[in-house]
Structure formats: C-alpha cells, structure tokens
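I opened this notebook to record what I looked up in the structure. The entries follow the order of my reading.

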Amino acid sequence: MISQIFILSSKGDHLIYKDFRGEASKDSINVFYEMVTALSGDQPPVVMTHKDLHFIHVRQGGLYWVASTKTNPSPFTIIEFLNRLAALTKDYCGSLSEKSVRMNFALIYELLDEMVDFGYVQTTSTDILKNFIQTEAVSSKPFSLFDLSNVGLFGAETQQSKVAPSVAASRPIMSSRGEQGGKNEIFVDVIERLSVVIGSNGVLMKSDIQGEIRIKCFLPTCSEMRIGLNEELNIGKSQLKGYSSAVRVDECRFHQAVKLDEFDTFRILKVCPSQGEQTIMQYQLCDELPCAPPFQLFPSVEKDYVNRVLIFLKLRCDLPPKSTALNVSITVPVPKGSVSMSQELSSPDQTAELQPKNKALLWEIPRFPGGAQLSALFNVML
Amino acid sequence: MPYFGSEETVKELKRALSNPNVQADRLRYKSYITKVIRYMTQGLDVSALFMDMVKASATVDIVQKKLVYLYMCTYASDKPDLALLAINTLRKDCADPNPMVRGLALRNMCNFRMPGMTEYIEQPIVAGLRDKASYVRRVAVLGCAKMHSLQPRTEIDGSLVNELYALLRDPDPVVVVNCLRALEDILKDEGGVVINKPIAHHLLNRLKDLDCWAQSEVLTFLLRYRPRNDDELFDILSLLDPFLQSSQSHVAISTLRLFLHLAAAHPAVQADALLCSSAPLLATCGAASRELRFAGLCHIQQVMRSQPALFNTHYKRFFCGYSEPSYIKFRKMEILVALVNDENVALVLEEMKSYCTDVSAELAQAAIAAIGRIGRTYSEKCLDILTGLLALKQDHITSAVIQTFRDLVWFCPQCTAAVCLTVESCVDYPQDSEGKQALLWLLGEHADQISSAPYLLEVYIDGLKTELSAALKMEILTAALKMFLRRPAETQDMLGRLLHYCIEEESDMCVRDRALLYYRLLQRGIEETRKVVTGPKSDPSLSVLTSAQEEPVSQWVSIFNTLGPLSAADLQLHNTALSASEHTDDTADTELLTEHVPVSMRDVSEAGVSLCAGAAVSPEAFEQMWQQLEVLQRQTVCFSGCAADTLQSALQPVHIQTLAFSPARALPWRAYIYSRGSGTLVLAELLQDDPEMLTVTIKQQPEHQQTVTAFISVLQSVLQTLNTGQMSV
C-alpha cells in the first residue's frame with residue numbers, strides 16, 4: 001500500500017502532493033529531495049529508505065514521481081503504477097512536462113483521487129476513469145519553429161508535413177465537452193529502438209531491436225479494430241519457412257486486451273482500444289538484423305595542435321531512396337575540457353551545438369533522404 | 001512567491017472568496033478555489049480559509065466539490081470544530097441519487113482524520129456497504145478500514161468483520177479486493193485476514209476477472225495459504241500457470257513468487273516455473289522504464305543464486321547500453337561476470353574491455369575489477385586485456401589494474417609469473433592510496449620475481465615523510481620486511497632507515513606499533529621472523545568451495561518481489577541474517593558425524609568397509625575441517641579429465657558426494673569430494689595441474705586406514721571407467 005504520492009520538479013518544487021494514510025509527515029517530501037540529490041552516481045536511486053519510510057520513485061518527463069510506503073510491497077507493482085500514472089497524466093494533459101503538470105494540477109488530483117483510495121490502487125483503466133474525470137485539460141502549446149517549417153509555399157503540402165508527427169502526440173484525449181467530438185481519430189504507430197554496436201573495423205558486433213506497436217485513440221467508444229500484420233511474420237528462431245525473406249521476430253508480447261484467435265493463422269490482431277495511449281504489441285529481435293542498419297557513420301578524429309581536435313564525420317543513410325529520415329540527431333562524446341566548437345555543415349538547416357554539461361556535441365539533421373551522404377567537420381577547442 | 005508575504009496572499013484570497021460579486025460569478029469563484037489548492041500544494045498554510053471553503057462545498061459543480069473536499073481532507077485535523085460544519089453537506093450528499101456523488105462524499109468524509117469522526121461516518125458506511133452501486137460499495141469497504149485506523153485501539157466490531165467477509169463474494173472484483181485490504185488492516189493485530197480453503201479457491205477462480213493491480217495483490221495474499229495435499233497443490237498451480245506468462249511484469253513476478261512458495265517441496269516444479277518466467281523477467285530488463293529495468297536486474301540476480309545457468313544463452317541482454325545510468329551498468333556487469341562460460345567468454349571480455357575506458361572513473365574501475373573476477377577462471381585472456389590497459393597511462397585505470405593484479409595473484413597463484421613480468425615492465429605507477437597499497441603488496445610478496453622491486457620500494461620509503469595515509473605506511477612496512485627476508489642485501493639499509501623513522505618520528509600510533517613489532521621480531525632472529533611473516537597462508541584456491549554454490553531457492557524466496565533486492569546492503573544483510581537463522585542446522589559441526597549409517601545395499605568395498613553418503617556437509621564446514629586436518633595420503637592417478645557433471649553422476653552410485661569443482665577446462669582444475677565409512681568422514685581433493693595426471697589428496701576424521709584404502713580403490717575404479725569411456729568415444 002502507498003502512504004503518499006508526490007510529484008516534484010527537477011528543482012524540488014512541489015507540484016502534486018497527496019497523503020493517503022496520514023502515516024507520514026509532509027516533511028518527507030523534503031527528506032526525499034535531499035536524499036535523491038545527495039546520491040552519488042553509482043548508488044541506485046530507485047528505492048531509498050528514511051527511518052521506516054521507503055521512497056520508490058521513477059523519473060519521467062524530467063519530474064520525480066514518488067510513492068512512499070511503510071510496508072514492504074512489490075517493487076514491480078509500485079514502479080509500474082508510477083509509470084502508469086505518468087502515462088495517464090500524459091494522456092489527459094497532452095504532454096508530460098513541469099508546465100503541463102502545473103497547469104493541470106486539479107485534473108491530476110482528480111485522477112489520483114479516483115485511482116488510489118487509502119493507499120490501494122483502485123483502477124487505472126481509461127475506460128472507467130473517463131466516467132469520473134470532470135476537469136478539462138489545459139493544454140500548453142509552445143510556440144515552435146517546427147510548425148512554421150511545415151507550411152509550404154502557397155500552402156502546398158511539403159513532404160515533411162505528410163510524415164511529420166501531427167499534433168496528436170501532444171493532444172489531451174478528453175476533448176472539451178463544448179466542441180463535441182473533436183476529431184474522431186485513431187493513430188497506430190510502430191516504434192522501434194535499434195541498438196547496434198559497430199566495431200572500429202565496421203563489423204556489426206551487437207544488434208538488438210526492441211519494437212512496439214502503439215495506439216493512441218481519441219474515439220470515445222471504439223468498436224473492434226483489426227490490425228493485420230505481414231502474413232509471413234515468423235516468431236522464434238526455429239520456424240523459418242522456405243526461402244522467403246520472411247519478417248521475423250524473436251519474441252513478442254501482446255497487451256492483455258488483444259484477442260489472438262486469428263493471429264496464428266492470419267496474423268490478425270483484434271483489439272477494442274480504450275481511449276488514450278497503449279502498447280498493443282511488443283517484439284524484439286536480437287543478433288541478426290533483417291536488413292542493413294539505417295545509418296552508417298564514418299568518423300575520423302585528428303588531434304591538431306595541443307588544444308584542438310578535428311572531428312570529421314561522414315554519415316550515410318541506407319534507407320531506400322523513397323524514404324526520408326526525419327529529425328536525425330547524432331551525439332558525439334567529446335573530452336571533458338572542451339570549451340568551444342566551430343563547425344562546417346553541408347546544409348544550412350542542420351544544426352550542431354556543443355553541450356559541455358553532457359560532454360558531447362549534438363548534430364541535428366531535420367531531413368535526411370535515403371541513399372544520401374552528409375558530412376560535417378567539427379573543430380573542438382580544448 | 002508564495003513563501004514571502006504569505007499572510008497577504010491568504011488575506012487577499014479570503015477577501016475574494018467572501019466577495020458576493022465573486023460568489024455570483026461561478027467561473028471566477030472556481031478560479032479562486034483553484035488558486036487556494038495551488039498554494040496548498042506549494043506548502044503555504046491556507047487553513048485560515050476553512051470557513052469560506054466549507055461554504056463553497058455547497059455546489060452542484062462536481063469539479064468544485066472535489067477541489068473543496070481535497071482542501072477539507074488536508075486541514076480537517078487542524079480545524080476539527082470547523083470541519084464538523086461540513087459534515088452536514090457531506091451526509092446529505094451521501095444520500096444523493098447519483099452514485100458518483102454518493103461515493104465521492106463518503107470517500108472524503110472517511111478521509112477526515114480527526115477524533116470523533118466515527119460517530120458521523122459509521123451509519124453512512126454501513127448503508128454504503130449495501131448500496132446497489134459497486135462504486136459506493138468499493139468506497140464503503142475501504143471506509144471501514146479508515147474508520148478503524150481513526151480509533152486503532154477500540155474493539156473490533158464483529159458484525160462489521162463478518163459483513164466484510166461476506167462481501168468477498170461480491171460480484172464486483174474491486175469490492176472483493178478492497179474487502180481483503182480492509183480486513184487485513186482491521187485484523188492486523190490478529191495476524192491479518194484469514195485465507196482458508198474456500199476463500200483461497202474463491203479468489204483463485206476470480207483471479208482472471210481482476211485487473212492487474214488486484215491480481216498481484218491477491219497473489220500476495222495467497223502466499224498465506226497452505227494447500228492440504230499434493231492434489232490440491234497441483235490444481236492450484238495449474239490455475240496459476242497462465243499468469244506466469246502475464247504481459248504485466250508485476251503480475252508475472254508475483255505469480256512466480258507464489259509458485260516458488262507453494263512448490264517449496266518440489267524443486268523440479270520450482271525449476272520449471274523459473275524457466276517459464278525467465279521471459280517476463282528478461283522483458284523487464286529491456287523495458288523502456290529504467291527503474292523497471294533495475295528492479296528486473298536485481299531480481300534476476302536473486303534467481304541466479306540458485307540457477308546460475310538459467311540466463312546463459314541471453315548474456316547479450318546484459319550488455320550495457322550507452323545511455324544507461326551507471327547503477328544499471330553496475331548490476332549488468334555483476335550479472336555478466338556470473339554468466340561467463342567457455343562459449344561466450346571472448347565476447348563478454350570484448351564488451352567488458354570497452355567499459356574499462358568509460359568516462360566515469362567508477363564504472364571503469366568496476367569493469368576492470370569485473371575482468372579480474374573473470375580472470376580467476378580464464379586468467380590468460382584477462383591478463384592480456386589488463387596488461388593492455390596499463391598502456392593507456394590513465395591514473396584511475398592503472399590503479400584499478402594493479403589492485404586487480406593483487407587479487408588475481410592471490411586467487412590464481414599460477415598467473416604470478418605473468419603479473420610480475422607486467423609489473424616489472426610497467427612505467428606508470430598508481431597515484432592513489434589503494435593502488436599504491438596494492439603495488440606494495442605485490443612488491444613485498446613477490447620480491448624474488450620482480451628484479452626492480454627494491455628500487456621501486458625505495459622511492460616510497462624516501463617519500464614517507466610526505467605520506468599521510470596510515471594504511472599505506474603499514475603496507476610499506478610489511479612490504480619492506482617481506483622483501484628483506486627474500487633479498488636481504490639490497491633491502492637491509494632501507495629497512496633500517498624505515499624502522500628508525502617509524503619508531504622515532506612517526507606520530508600515528510598504529511604505524512609505530514607495527515614498526516616496533518617488526519623490530520622486536522627481527523631481534524629474535526631471521527628464522528623466527530620468516531616463520532611469522534611468510535608462514536603458510538590459508539589456501540585461497542579453496543574458495544572454489546564457497547563460490548559458485550547453487551543456493552536453494554528457499555534462501556531468497558522470502559525477499560523475492562519485495563524491496564529487499566533493490567535497496568541498500570543493510571536491508572539485504574538483515575534478510576540474510578533472518579534466513580540464516582532458519583538454516584543453522586546444516587552448519588553445526590557436531591551434526592556432521594552423527595550420521596545415520598544406513599546399511600549399504602551395494603557393497604563396493606574390498607576390505608569389508610562400505611562407504612555411504614550420509615548427511616550433507618556444508619561447504620563452510622568442509623573448508624574448516626580441510627584446514628584443520630593433516631594430509632593422510634597423496635596419490636596420483638591417470639586421468640584425462642571429464643565434464644564435472646559426468647564425474648558427479650559417476651561418483652553418486654558409489655556413495656561419494658561431490659561438493660564443489662572448478663569450471664571445466666580451468667587449469668589447475670580442482671574438485672572436492674567426500675564420503676563416509678566405518679564411522680569416519682573421508683575428505684578428498686582432486687587436483688589436476690597436468691592434463692594427464694590427477695593428484696588425490698585425502699584427509700580423514702577420525703583416522704581409519706582401511707576406509708581410506710577402500711575409498712581410494714573405489715575412486716580409482718570410477719576414474720578408470722571414465723577414462724576408458726572417453727577413449728571409446
């Protein structure tokens with residue numbers, strides 16, 4: 001059971017505080033913040049104990065989401081609950097940031113009130129919660145240059161506006177009751193995290209893909225939806241059929257609401273999505289990449305004088321020529337004492353900056369067509 | 001800023017809230033109430049507004065109602081007299097036709113933490129328990145627990161408890177789980193809610209209707225239940241089986257804990273369950289949330305205590321990601337070290353090597369130490385890597401490598417020569433205290449193999465005056481003395497200077513005492529000193545015995561899926577102390593010999609002495625006896641080596657127990673075995689430092705020559721059989 005839940009900003013400001021059982025004093029927020037900021041780098045911060053009060057916290061959106069308890073509960077349950085709370089906050093407020101939490105604190109209190117009673121989790125399902133949540137979300141829409149770049153000449157659609165993430169990502173799921181039925185939309189995204197380690201000789205040493213199919217649903221009620229996957233999809237290493245360059249994953253897991261009765265024969269997922277964001281399928285693939293990695297980087301580093309490092313990067317995009325990679329960013333670790341940097345980039349829409357705090361330089365490319373090759377020269381002063 | 005001039009802010013809010021114009025404008029009124037809550041969250045004391053907020057609670061706007069209730073729950077304990085004014089409104093709401101309003105009012109009324117509340121809430125709670133809306137029943141059930149917590153010392157209301165037990169059969173799943181929670185709270189002094197057979201089976205059958213949070217909680221409650229017999233046990237396990245693979249990691253892991261707990265008497269079932277749930281456990285290690293990843297890693301470490309090989313094929317999952325925080329990297333490295341085997345050692349070392357040059361010095365040092373631990377088995381490959389690292393001439397790396405060398409030499413005496421050669425040719429010496437101490441230890445211990453040792457030591461002795469660390473000074477003293485015993489001609493002069501300085505000028509008491517001790521020792525004569533300082537040490541290679549032991553699942557199951565594995569060492573220590581007290585029986589030395597000698601059916605001996613296995617000997621007890629006893633017999637046997645489990649299964653039928661052995665293909669390879677016969681305990685060490693020959697060392701307690709002869713002949717025949725078996729293959 002949970003004694004208190006609180007949300008702190010990274011600077012320690014109290015954004016949300018709710019005491020469920022009256023067992024611990026309000027002081028514990030400050031105790032927590034002192035403990036978490038005093039930790040050294042190698043100490044695990046997830047669980048901390050002060051007297052007989054345990055703090056379990058996750059960091060999401062730059063905020064501390066903390067639960068305190070006096071019992072010895074399952075860490076998995078508490079961590080997953082805090083993650084779920086953050087996800088719900090994101091669903092209801094549109095985005096997850098200090099600002100959105102500050103602006104929507106009444107809504108978050110309302111959510112917490114329905115989700116947890118006397119320290120026990122009651123429900124976290126959007127379908128049930130939407131009947132009880134009355135507060136409307138205040139969404140903050142920051143001014144962004146990105147919006148401007150979307151507008152083509154004379155209103156023509158640019159290629160970017162076709163594929164650029166729509167505002168849906170940061171829209172609250174509950175449209176205000178006044179303008180009934182915002183848009184009835186549902187978004188299906190496939191997100192893959194590729195981790196690849198390439199040896200200095202260019203050999204692929206390790207590769208690992210974690211992918212998921214994510215749905216964001218704005219429909220108040222949604223009837224059954226059928227998602228057809230590639231029929232040649234194979235699961236597991238053993239059952240490769242014939243010569244086909246079949247789509248293969250090592251392992252996959254489904255959301256519990258997904259009905260799988262047609263999955264084995266037709267590779268069809270049946271799901272009745274509830275409002276908000278949910279991951280309906282997760283899969284992973286280790287060791288063998290089905291195709292070449294999307295990018296290849298050829299670095300060369302020269303130490304010029306005593307205090308200057310020349311980094312020359314050549315980056316090739318191996319996607320098919322029709323596709324374009326958007327918002328590519330490259331992080332290059334630099335020595336600790338780097339002071340300043342000058343760069344030569346191949347086009348003006350790219351940016352590069354030195355981040356001394358992270359000991360890295362960040363090179364960003366907004367558009368990168370398949371088959372193209374870009375190069376950049378960085379001159380880092382130490 | 002709310003913290004400065006806070007009185008002004010409160011006054012202003014009060015003025016606004018009592019302004020009739022504001023009250024008339026609903027939106028403005030609400031925005032002021034929102035402001036009050038905002039200040040409350042920020043830590044400003046707005047309790048002075050209680051009266052105005054009570055007035056604001058009489059509204060039809062549910063959002064406003066919720067905000068005001070939140071305010072009232074926070075300050076009710078400070079202003080009990082004013083809070084009573086709000087109760088009327090709340091009680092009226094408890095009879096509202098809208099179940100949402102009823103539930104809301106009841107929940108918040110129960111949340112008022114002030115004395116004397118019980119008399120107002122008792123009646124609405126009892127009514128709420130019988131409400132037709134499940135939402136209200138959920139609230140009312142937890143209300144019972146809240147009511148009890150308000151007056152913890154009052155007598156438990158029997159009828160209420162019975163009603164709650166009856167509500168366990170409620171159609172709404174959340175009501176059922178809330179009943180369990182409420183009963184647990186109310187009956188805490190009596191040991192919590194009773195899970196008997198009907199309740200347990202009812203809960204198990206409802207399990208699939210519950211949501212994931214309720215599932216993991218019910219699974220925890222079910223830990224209390226003990227099935228009557230095996231049939232019931234297996235029925236329960238088959239009901240639980242699908243949940244082991246649940247897509248919610250916390251449900252899967254709670255199920256695993258219950259499985260391990262219920263099947264305590266069936267190790268094979270436990271092993272199956274662990275195998276089954278290795279997929280969800282591994283999935284948590286790849287989760288997007290790094291906190292979840294950490295929790296998963298900590299629990300995998302627990303599982304590996306009894307099933308070290310379970311994750312062998314998945315070792316790549318434990319390679320560190322570039323952007324992972326270091327606390328996750330540390331855990332992953334610990335797991336990787338434990339997963340190393342013949343097939344993956346090259347890749348793991350390659351990966352570890354890349355961590356050694358990490359920007360974080362702590363991480364780099366931990367990686368170097370990890371390579372050292374792998375080096376205890378695969379010394380050659382690791383020595384190459386470590387030597388290569390010295391060439392980087394980074395202070396923190398050099399220091400860590402030298403420290404690792406020291407440990408490696410201690411655990412694997414066979415790599416001494418290589419280490420000494422490296423230290424000799426090393427040009428860059430560690431600068432920090434730990435690194436210097438390690439270097440000094442190596443110099444002193446192996447002065448005869450490092451030709452430049454006296455010159456290196458001299459630098460430290462000359463710099464003694466500026467040295468601050470007492471531990472380092474002691475290390476210098478010890479190293480100088482050891483070196484003097486081995487290379488007196490080169491060391492005598494500097495040892496004299498050192499002792500003189502330490503006795504006459506040193507201010508640290510410990511260092512001075514140590515110097516005096518060595519001085520007096522030397523006065524007794526060189527031979528005496530040699531006996532004391534370089535006398536026989538405990539045999540470090542015996543650590544095979546204590547390391548790599550597969551612990552029984554019961555050792556860790558009690559802390560599985562709790563905060564224990566995640567939090568700092570103190571909690572873990574506490575828990576191991578607890579579990580140790582439960583298992584004291586197998587460490588008792590006396591029990592070792594009180595064997596219940598069963599009459600051996602298959603008499604394998606020649607001289608009429610039969611061997612039997614008897615009670616198990618714990619590694620600790622074995623180690624203790626091995627060090628105490630004298631060697632009785634030593635013999636070499638022709639043996640070309642075989643897999644450890646083959647040997648184990650070959651020895652089992654002839655009543656010889658295998659206790660521990662080094663990993664396959666390590667050289668020297670060791671195994672420790674024991675057996676009993678004629679009331680004695682025979683301990684034996686098999687040592688293979690030549691690929692063809694095996695040295696058998698035998699110790700016995702108490703001595704009985706016939707048994708030893710029988711033991712050797714049995715062992716020889718077994719090894720012979722294994723040899724011929726291998727030839728034919």
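I began with a definition: buried area is the accessible area, taken with a 1.4 Å probe, that two parts lose on being put together, summed over both. The size of an interface is often given in this way, as the accessible area lost when the parts come together.

Conventions. I noted that this is a predicted model, in which local features need pLDDT of at least 70 and side-chain atom pairs count only at pLDDT 80 or more, while totals for chains, interfaces and linings use all residues. Residues are numbered from 1 along each chain as its sequence is written, chains are lettered from A and ligands numbered from 1 in the order in which they are written, and side-chain values use heavy atoms, with hydrogens and water left out.

Interface. I found about 5800 Å² buried between chain B and chain A, and carbon and sulfur atoms give 57% of that area. I recorded 70 residues of chain B in contact (heavy atoms within 4.5 Å) with 67 residues of chain A. I then looked up the salt bridges, each a side-chain nitrogen of Lys or Arg within 4 Å of a carboxyl oxygen of Asp or Glu. Between chain B and chain A the count is six. One entry pairs the side chains of B:Asp185 and A:Arg21, with N to O at 2.9 Å. On the side of chain B that touches chain A, helix α9 (residues 134-150) gives the most, with seven residues; helices here are DSSP runs of H or I with at least four residues, and strands are runs of E with at least two, numbered from the N terminus.

Within chain B. I noted a salt bridge between B:Arg137 and B:Asp170, whose closest N and O atoms are 2.9 Å apart. This pair links helix α9 to the loop between α10 (158-167) and α11 (173-186), 33 residues apart. Over all chains the structure holds 42 salt bridges.

Confidence. I read pLDDT as the predictor's confidence in each residue, from 0 to 100. Chain B has a mean pLDDT of 82, with 89% of its residues at 70 or more. Residues 569-607 of chain B fall below 50, and this stretch has 39 contacts in the model beyond near neighbours in sequence. Chain A averages 81, and 86% of its residues score at least 70. In chain A, residues 143-165 are below 50, with 19 contacts beyond near neighbours in sequence. I reminded myself that where pLDDT is low, the predicted coordinates should not be read in detail. The model scores ipTM 0.76 and pTM 0.76.
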